[in-house]
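Please walk through this model one part at a time. Keep the sequence and the structure side by side as you read.

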Amino acid sequence: MSGAAPMTSSLPLAPAAPAARLSRGLLAPALAVAVLAVAAPFLGGYASDLVVKVMILAIFALSLELLVGMTGLVSLGHAAFYGIGAYATVLGSGAEGGNLLALLVLAMGSAALYALVVGALSLRTRGVYFIMVTLAFAQMAFFVFHDTKVGGGSDGIYLYVRPSIGPVDLENRLVLFYVVLAALAGTYGLLALIRRSRFGAALAGIRVSEQRMRAVGFPTYFYKLAAFVIAGALAGLAGFLVASRDGVVNPELLSWHNSGEVLLMIILGGLGHLRGAVLGTVAFTLLKELLSTHALVGPLADHWQLSLGLVIIGFVAWLPRGLVGLVQRLSPEGSR
Amino acid sequence: MSADALLQVDGLTRRFGGLVAVGNVSLDLRVGEVHAVIGTNGAGKSTLINMLSGEIPASDGRISLQGGDITALPQPRRALAGVGRSYQRTTVFAEFTVLENCRLAAQAATPRPWAFWESAARCAASNQAAREALEAAGLAGEAQRIAGTLSHGAKRQLEVAMCLATRPRVLLLDEPLAGMGAEETERMLALLARLKAGHAILLVEHDMDAVFRIADRITVMVNGTVIATGDPESIRTNPEVRTAYLGDEAAH
């Protein structure tokens, strides 16, 4: 096991990545996207559903990675923006459904707006207080949907017709698959660009030493707020997609369990890497599926939370750098 | 106070509750001069530097840069206006390379945060500023090293280089010689001597030999107030300073 000392020096050097490294870093993800695009029509119903679910959660996890891994802001209320995006999609749809683009803008815009309010207030605090304030704001949003008639109360509401625009109709499962895949690729690409940009370099600096960044002249509050709003909007995108997939929304989408799970996903995958967020989502979702399948683990399946908890403790103990750390250790060139 | 002062401080005061950490301090910094502030632990030197850099607000008094009042400017705006500082505790970005440390500092001047499609590593202006700063600080040969792997002395040099990368006119240096060996001290003093020509330097330092060698003016603080200001010779022979701070050392 590698100790704490080499860990810092082996973190990715976000501001260092020149274009050559960017394209190399995008090779594996681009291949994965291509494989999924080709395989999509041949996947069975269950497999296709599972892949779509994982891809949506991966967008959600990537949006949190921008905050936690890239900026060093640990938020425990990220599900609020996911849920608000989902609710906005359903509430904005009429009886005949709605325009996909308009609903997408509405979902991302609502999430971004709430993120602007939450960020503007919570970013005045630090560390554990920041965690508590983000959690409190998420719980507030949760109870608004849970205890009022705004979104059908605790039962939630149905989306009768899924969003569409022209030939792109999300009622079609294959179209939904490709839209989700494109959204994931777009999110990944956007965050990869941000990482190598000056904005991303400043976020990396804030993660290491906000004091130093202020001393050289960065108004760090506004950088953190911008990251918070972008992360909120991307979580809203994931919310739009999950509402379109499930055709129903309920307050559980905003619950703090959901915020906690997505945080676990990116820690499991390895903080500080976009790949980590995606790998962590895949691993977490598959583990959850496996550990709750009677055919595989017998009566233990009823207690999947327990076995999942133990597996995660094991991961954190033996793989402090997450799955990405494991991949780096196994690959010949990535051991730096 | 002199008319050609770049940074002028009048009656600066900082109270923490009932305690006066810095009381009614006035001094000025001029280009071409190293102005050292000395004093025992708890004399208020760090509080003074924190107020000048904008890290903590002043309770009272006025700070002006080239005649313009900057007392109310927040720290980032003050840094962009030309007031740079280094820290007593090394605060370099350990996981970035030496060049990246300086480039990031230089980017504060031309941040363009919305241009997310532009690569930070290819920003010509900040690369240029970073290389000049490394050259000036004598770290040009270490540009590609990971900052965390540098020797203590080199990290202190980088601390100053990051400050230089922002192209400041005023340098507030908080114990740049802390923990340095003899050779590293010599290198840092030579750097300060070179920087003097283009900058107004405030130096807080505990190494008295170094202070009396490099400083053009010295301000002595005791319990938050200034008890003497003058050239090294007058400070050395000032009886009040000798009893209050220098003790027997200055007699030799």
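Chain B is assigned two domains: domain 1 (1-82 + 168-252) and domain 2 (94-167). These bounds come from an automatic or database domain assignment. The centres of domain 1 and domain 2 of chain B, taken over C-alpha atoms, are 26 Å apart. Their contact takes 13 residues from domain 1 of chain B and 12 residues from domain 2 of chain B. Two residues are in contact if their C-beta atoms, placed from the backbone, lie within 7 Å.

Which elements give two or more residues to the side of domain 1 of chain B that touches domain 2 of chain B? They are helix 2 (75-80), strand 7 (170-174) and helix 6 (182-195) of chain B. Helix 6 of chain B gives the most to this side, with 4 residues. Helices (H or I, at least four residues) and strands (E, at least two) are DSSP runs, numbered from the N terminus. By class, this side of domain 1 of chain B has 9 nonpolar, 2 polar and 2 charged residues. Ala, Val, Leu, Ile, Met, Phe, Trp, Tyr, Cys and Pro count as nonpolar; Asp, Glu, Lys and Arg count as charged; the others, Gly among them, count as polar.

A note on the model and its labels. It is predicted: local features need pLDDT of at least 70, side-chain atom pairs count only at pLDDT 80 or more, and totals for chains, interfaces and linings use all residues. Residues are numbered from 1 along each chain as its sequence is written, while chains are lettered from A and ligands numbered from 1 in the order in which they are written.

Now take chain B as a whole. Chain B has 9 helices and 10 strands. Its radius of gyration is 18 Å, close to the 18 Å that the globule rule gives for 252 residues, so chain B is as compact as a globular protein of that length. The radius is taken over C-alpha atoms, and the rule is 2.2 Å times the number of residues to the power 0.38. The C-alpha atoms of chain B fill a box of roughly 60 × 40 × 35 Å along the principal axes. Buried residues make up 47% of the 252 residues in chain B. A residue is buried if 20 or more other C-beta atoms lie within 10 Å of its own, exposed if 12 or fewer, and partly exposed in between, with C-beta atoms placed from the backbone.

Zoom in on Leu139(B). Leu139(B) sits in the loop between helix 4 (124-137) and helix 5 (152-165) of chain B. Why does Leu139(B) count as buried? Because Leu139(B) has 24 C-beta neighbours inside 10 Å. Leaving aside neighbours within four places in sequence, Leu139(B) is in contact with residues including Val98(B), Leu134(B) and Leu158(B).

Next, the contact between the chains. It takes 34 residues from chain B and 31 residues from chain A. Helix 2 and helix 3 (98-107) of chain B are the elements that give two or more residues to the chain B side. That side has 20 nonpolar, 8 polar and 6 charged residues.

Finally, chain A. Helix 4 (residues 45-71) and helix 11 (residues 220-246) of chain A pack at an angle of about 170 degrees, with their axes 9 Å apart. Helix 4 and helix 11 of chain A are therefore roughly antiparallel to each other. The residues of this contact divide into 18 nonpolar, 2 polar and 2 charged. Axes are lines fitted to C-alpha atoms, for helices over the stretch in contact, and angles run from 0 to 180 degrees between N-to-C directions. Angles under 35 degrees count as roughly parallel, over 145 as roughly antiparallel, 65 to 115 as roughly perpendicular and the rest as oblique.
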